[in-house]
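Work through the exercises below with the sequence and the model side by side, and try each task before reading its solution.

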Amino acid sequence: MARTLARSFYARESVDLAPELLNKLLVHRHPEAGRLVARIVEVEAYCGSDDPGSHAYRGPTRRNATMFGPPGRLYVYFTYGMHWCANVVAHRDDDASAVLLRAAAPLEGLEAMRRWRPKARRERDLCSGPAKLAQALGITGEHDGDDLVRGPIRILDDGLPPPRRPGVSGRVGLSLGRGDEHLWRWFVPGDPNVSR
DNA sequence: GGTGTGATCGTA
DNA sequence: ACGATCACACCA
C-alpha cells in the first residue's frame, strides 16, 4: 500500500520538492501514542544564501545545522519562545534548502492529537499551521536531525498524487524585503486544514 | 468572516 | 530586538 519515500526523492531543490510533498502522508510511530498520520496539504520552500527569509541565509549555526546536512532528514526549530516547527531537508550542494510543513489533514491518532492540542475545538484546528502540526504529531526539538527514511517519523506515498493545479502564494510570516516576493507557498485548494 | 494584540525565550 | 506562530478578544 503506502510506501516510504526513498532518499533520492528529497535530493533536489526545496522549490521543486515542496509541491511534490502535497498529499503525501506524514507518519509518526510514537512510542506511547501509537501511529499518528496526517496528509500534508500546505508547504513552503526555503533556500540558502540567496534567500533572506531562510534560517540558512547567514550560513550554518548550531540551530540550523540540520539544514546543511544530507537530504531526507527532519529540521525542527524553536520559535517565538514557545513553538516547534518541522521542515524536510532537501538537496544540498554546499548550500542548504528545506521545506516547511505548514498544514496537514489529520487521519489517524486523532485521540492523541486532541490530547496534545486541548485548545483545538474543531478537527481542522489540529494541524492547520506549522506549530499546530508539530504539536499534534508530537514533534519537538528532540526530533531535529531524525532520518525520515528510517523513522520513527516518515513520509509515505499512498498513491494520491499532488494536485494537478496546487494553490500558490507568497510565504507567510516574513517581513517585507525578506524574500516575501517569492511565490514559494503551495497548498491543496479548498482543503479546510490549510492555514488562514 | 476579518483585524489587532499579548505571550514567551532562544538566537544572532 | 526580533522572530518561518498561536489563541483570544473584538468587530462585522
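A polar contact is a pair of N or O atoms within 3.5 Å; within protein, one must be able to donate a hydrogen and the other to accept it, and residues adjacent in sequence count only if both atoms are side-chain atoms. This is a predicted model, in which local features need pLDDT of at least 70 and side-chain atom pairs count only at pLDDT 80 or more, while totals for chains, interfaces and linings use all residues. Residues are numbered from 1 along each chain as its sequence is written, chains are lettered from A and ligands numbered from 1 in the order in which they are written, and side-chain values use heavy atoms, with hydrogens and water left out.

**Exercise 1.** Find which atoms lie 3.1 Å, 3.3 Å and 3.2 Å from a phosphate oxygen of DNA strand C.

*Solution.* Begin with Arg102, where a polar side-chain atom lies 3.1 Å from such an oxygen of DNA strand C.

**Exercise 2.** Is Trp84 buried, exposed or partly exposed?

*Solution.* Recall that buried means under 20% relative accessible area and exposed over 50%, with partly exposed in between (1.4 Å probe, protein chains only). Trp84 counts as partly exposed because its relative accessibility is 31%.

**Exercise 3.** Which residue in β6 is the bridge partner of Val43, and which is that of Asn87?

*Solution.* Strands are DSSP runs (E, at least two residues), numbered from the N terminus. Val43 has Leu101 as its bridge partner in β6, whereas the partner of Asn87 is Leu100.

Technical notes: Two strands pair if DSSP finds at least two bridges between them. Helices (H or I, at least four residues) and strands (E, at least two) are DSSP runs, numbered from the N terminus.
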